[in-house]
Every structure is written in C-alpha cells, then in structure tokens.
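Study the sequence and the structure, then work through each solution step by step.

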Amino acid sequence: MLMIRIGRIFISPARLVLIFGTLLFFAVVFKLTSNHLSPSGSSLLDTSLRFDGDSALEPNMGLPLDPSAAWNESRVIFNRVSKVGSRSLLNVIMRLSQKLNFKRERSPVFVKVYLNETGERIFTKEIEVLEPPFIYDRHLDYVDFEKHSAKPPTWINLTRDPVSRLVSFYYYTRFGDSFSVPEWTGAAEDFNQTFDDCVLQNKFECSTENTFRVVPYFCGQSDECRTPSKWAVEQAKKNVVEKFLFVGVTEEFNATLLVLERLLPQYFEGALEAYKVTLTSIRDQFKSKSKKEPSEEALRVQRERMALEVEFYEFVKARMLLIKEQLGIPEHPM
C-alpha cells in the first residue's frame with residue numbers, strides 16, 4: 001500500500017484526505033460561529049445583538065399605553081423634525097402655555113442636531129436647570145439622558161410621509177415661506193431645478209445618503225444613526241416604543257392633538273380647539289413657496305430610494321392608529 005511519510009509517521013492517502021476534510025469542516029464551523037459572536041459580523045446579526053436577540057419591532061409593542069402615566073410629568077422635550085408641521089404644533093403650545101400655566105422653553109441653538117459627548121452633557125445640564133413645568137423645543141436628534149446619569153424628560157415628536165416632507169423641504173430651502181427665506185447654500189445652477197430634475201437626474205441632493213434625515217431624530221446621537229441602515233431604523237423604532245411618550249403623524253394632525261390631550265392634559269387640554277382658531281392662517285403661512293408638484297415617476301423613484309425612511313414612517317403611522325383605537329379617538333376628528 002502506498003504510504004506518505006510525515007516526519008516519523010507514515011499515513012495512507014485515504015486517511016490523509018479524511019484528516020484534511022475534518023480540519024476543513026471545523027474551520028468552516030468556527031468561521032460561521034465567529035460571525036454570530038463577533039461585533040464585526042453582518043449588520044443583521046449586529047442588530048440582533050444590539051436588540052438582545054429580538055427580531056424587528058412591531059407597532060403594537062409596548063401597547064396598550066397607560067393614558068395617565070405622564071399626567072404628573074413636568075419636563076417635556078419636543079425635538080422637532082423640520083417640515084413636518086412642527087411650527088403648527090408650537091403655535092398651539094404657545095397659545096396653551098398661558099392658559100395652562102407652563103413655559104415654552106426654546107433653545108438658543110436652532111439647527112445643530114448632532115452633538116458630541118461634551119455637547120450631550122451640556123445639553124442634559126441645560127435641561128436640568130430649567131424650572132418646570134415646561135415644554136422645550138429644538139431641532140435635535142434624541143439624547144439618552146441616562147447615559148449621562150441624568151433624569152430623562154418626557155419626549156414627544158411628529159413625523160410625516162418622508163417623500164412629501166422632502167418635496168416641501170426641497171422648495172423651502174430655495175424659496176422659504178411667509179415667515180422666512182433661507183439663504184441658498186447649494187450650487188447656483190441647482191437653484192432653479194425642479195424636484196423632478198433632482199430625482200430623475202440622480203443629483204446628490206435627492207440621494208439616499210442625503211435624504212436620510214428623519215430617522216436620526218429618533219435613533220439618537222450615535223454616528224451609526226446618521227448612516228442609512230436597517231440597524232438605524234430598528235433603533236429609531238425601539239426608541240419610539242421605549243423612550244418617546246408619543247410620536248404623532250402630520251397627515252393626522254387633528255388626531256395627534258387629541259392623543260396629546262389624553263396623554264399630557266397638563267400641557268395640551270383644549271389643543272384641538274386652540275388649533276382650529278388659527279387653522280387657515282397657519283396652514284397658508286407655513287407652506288413652502290413656489291412649490292411645483294412632482295411627477296408620479298419622480299415620486300416612485302424617490303420612494304424607492306427612501307425605503308428605510310418610508311419603513312420607519314409606516315411603523316409610526318401604524319402605531320398611532322393602534323393608540324387612536326385604544327383611546328377611542330375618531331378616525332377623522334374635526
């Protein structure tokens with residue numbers, strides 16, 4: 001029989017093949033196992049580890065709510081997303097603040113939504129020294145107070161269909177509205193291009209990377225939250241369930257106000273009536289100027305590009321529907 005010598009040992013070819021096959025098998029098993037255990041594994045496995053092994057979150061998680069759980073809360077943060085109707089809600093808050101005896105606190109920093117570790121600590125201290133009761137508003141990604149050993153406030157927010165929001169934001173950055181005209185900072189040749197031009201010519205302004213803007217408001221201050229990914233969306237959903245008292249939907253603004261009336265009556269009792277008083281003037285004044293309706297093709301393409309943002313929006317919308325049903329709020333309150 002043919003034998004192969006390895007050092008002082010003679011091994012038959014058949015046995016040598018068996019040995020190498022066994023070693024190869026264990027090498028493959030080790031590689032697959034290490035992908036499950038290592039932080040450098042696939043993003044899906046990373047997500048499952050971050051979320052303690054749970055699968056993707058569902059809108060009904062954490063429901064039903066306890067409607068009275070926040071009735072004694074005296075510190076509220078409205079980390080408002082731009083172009084989702086936040087100024088309409090602020091108008092209601094300002095009208096109710098005198099009637100219900102609370103303060104509307106506004107940040108002196110208007111547009112800095114990302115904070116480093118030092119900035120987060122400064123922000124938590126800023127909130128801690130404010131005299132309650134108050135609603136504090138600022139364009140700001142969610143901040144984890146507990147990470148800085150600070151008592152967390154109550155968080156609320158609004159969101160909107162992401163493509164509809166983008167169209168509004170696109171023209172607002174060029175032409176403003178009745179209250180403000182932002183300074184255009186883009187290329188001069190892009191100022192007069194339509195939204196269709198931006199989308200169908202695949203300009204960076206309408207790219208997936210540049211339009212991933214709403215999810216970070218709920219995901220948090222981590223660098224990972226600003227990168228379009230399934231992980232960022234799931235973290236944002238997790239915070240909506242665990243960290244935010246309520247997130248409303250612009251397309252159901254009246255119902256959003258009624259939910260807030262039930263969950264935070266010390267701030268929002270009579271909110272819908274207060275909104276109705278100035279409904280027409282608010283709606284007209286906050287509309288973006290020179291807005292051209294996009295084509296169906298542009299909307300379809302952009303919705304595909306913003307699939308992650310759309311997924312998050314649909315989660316919030318479905319969750320709000322369940323909360324409305326729990327609280328007995330009509331489908332289309334007037």
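**Exercise 1.** Which residue does a disulfide join to C198?

*Solution.* The model is a predicted one. A disulfide is a covalent bond between the sulfur atoms of two cysteines. In the model, the partner of C198 is C206, with an S to S distance of 2.1 Å. The cut-off for a disulfide is a pair of cysteine sulfur atoms within 2.5 Å, so the pair C198 and C206 qualifies.

**Exercise 2.** Determine the handedness of the link between C198 and C206, and state whether each cysteine is buried or exposed.

*Solution.* Begin with the S-S bond: the value about it is 120°, and the link of C198 and C206 is right-handed. Next, consider accessibility. Buried means under 20% relative accessible area. C198 has 0% relative accessibility and therefore counts as buried. C206 is likewise buried, at 0%.

**Exercise 3.** How many disulfides does the structure hold, and what pattern do they follow?

*Solution.* The structure holds two disulfides. Count the bonded cysteines along the chain; the pattern is then 1-2, 3-4.

How values were computed. Residues are numbered from 1 along each chain as its sequence is written. This is a predicted model: local features need pLDDT of at least 70, side-chain atom pairs count only at pLDDT 80 or more; totals for chains, interfaces and linings use all residues. Side-chain values use heavy atoms; hydrogens and water are left out. Buried means under 20% relative accessible area, exposed over 50%, partly exposed in between (1.4 Å probe, protein chains only).
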